[in-house]
Amino acid sequence: MVSRLTRCLQDRAPSFLHGRKFGLCVLIIFVLLNLILLIANTAVANNAARSTTLDAVLSHGVLRVGLTLDYPPLSFRCSSNNREAAGSDVDAAIDLAAALGVRLVIVPTTWPRLLEDAASNAFDAAAGGISITLSRLRHVGFSRPSSTGGKVIVAPCSNHLLLSLDRHNASTALPQGTTIAVNPGGTNAAYVSEHWPDAPTRVVQQGQQFNALLDGSADLTVTDEIEAALVTMRHASVLCAGAARLTDEAKAWLIPRRDDVAWAAYLNRWLLQREAQSSTVGLWLSRLGARQDESGACELSGVRTATVQ
């Protein structure tokens with residue numbers, strides 16, 4: 001094709017500009033230009049496919065970590081300054097940014113909006129107690145588990161369900177009329193919908209479900225063991241956690257792109273190294289367990305905070 005085009009261009013102008021030969025030359029030029037464009041677009045697409053979140057973080061010098069900031073001891077806003085956040089997963093985000101040599105920015109998200117924010121590239125990774133579920137794996141990827149545990153009920157300590165309810169009888173043993181406090185959008189709400197679809201619920205913001213237990217407007221709630229541990233420390237002998245797990249779960253860092261192998265490999269290796277060194281979950285439980293809320297916690301000695309976007 002190139003040789004034909006060369007012959008066309010080498011011919012004298014009159015023969016080139018008239019007749020069938022002119023049409024042939026135009027066709028050859030058109031095909032070549034489209035071929036060049038196709039090759040160029042393919043190269044751009046291949047480069048984009050090879051570009052990873054790790055590349056972007058290192059290139060921009062910024063790590064964006066999504067956190068709901070409503071799940072102590074993992075992440076919460078400093079009450080004296082809503083532009084600062086703290087908690088065990090904020091500590092982890094600070095350490096990850098340091099390992100990468102970049103600046104950290106906390107991106108606030110919510111449980112109902114978590115997957116939507118991941119799809120819109122709102123953050124590079126998300127943490128703060130995100131459970132690995134099959135429904136989430138349809139849309140996003142996850143790192144290796146950063147912690148394991150499960151869901152339990154929390155109720156006033158006099159509630160007999162604390163001893164009788166377990167994973168085997170959860171769907172059948174709940175007395176009719178039992179009101180459940182539910183925070184929307186996460187796996188707690190999903191569990192309630194699946195196992196107690198007909199039970200009356202009181203929908204409240206994350207963290208407020210325990211106030212519903214204290215004021216008597218709800219009989220029980222479902223949450224993860226780590227949050228249950230904090231709540232029962234704060235309200236000892238008033239609120240108690242169920243004796244048996246309802247589920248077995250793993251929590252991990254959410255990776256917005258399921259196919260981002262390089263970013264997942266980096267996070268997994270970093271998590272493995274960090275687990276061998278330290279975890280601040282227990283430290284944060286002791287810091288917050290003696291306090292009725294998070295007020296003033298960020299001013300405690302040794303607490304690290306991060307800027308919220």
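Guide: The crossing of helix α11 with helix α13 is right-handed. This is a predicted model, and the description that follows rests on it. Helix α11 covers residues 225-234 and helix α13 covers residues 281-289. Their axes lie 9 Å apart and form an angle of about 30°. Because angles under 35 degrees count as roughly parallel, α11 is described as roughly parallel to α13.

On the α11 side, the contact is formed by Ile-226, Ala-229, Leu-230, Met-233 and Arg-234. On the α13 side, Val-281, Leu-285, Ser-286, Leu-288 and Gly-289 meet them. By residue class, this contact comprises seven nonpolar residues, two polar ones and one charged one.

As to confidence, the mean pLDDT of the protein chain is 88, and 83% of the residues reach at least 70. Residues 42-48, however, have a pLDDT below 50, and this stretch makes zero contacts in the model beyond near neighbours in sequence.

Elsewhere, aromatic side chains provide a further point of interest. Five aromatic pairs are found in the whole structure. One of them joins Tyr-71 and Trp-111, whose ring centres are 6.3 Å apart; the planes stand at 70°, so this pair is edge-to-face. Tyr-71 belongs to strand β2 (residues 70-71), whereas Trp-111 sits in the loop between β5 (103-108) and α6 (114-119). The two residues are 40 residues apart, and their pairing thus links distant parts of the chain.

Methods:
Residues numbered from 1 in each chain as written. Predicted model: local features only at pLDDT ≥ 70, side-chain atom pairs only at ≥ 80, totals over all residues. Heavy atoms only, no water. Axes fitted to C-alpha atoms, helices over the stretch in contact; angles between N-to-C directions. Helix = DSSP H or I, 4+ residues; strand = E, 2+ residues; numbered from the N terminus. Parallel < 35°, antiparallel > 145°, perpendicular 65-115°, else oblique. Left-handed = near helix turned anticlockwise from the far one by under 90°. Contact = heavy atoms within 4.5 Å. Nonpolar A, V, L, I, M, F, W, Y, C, P; charged D, E, K, R; others polar. pLDDT = per-residue confidence, 0-100. Phe/Tyr/Trp six-rings, centres within 6.5 Å; stacked < 30°, edge-to-face > 60°.
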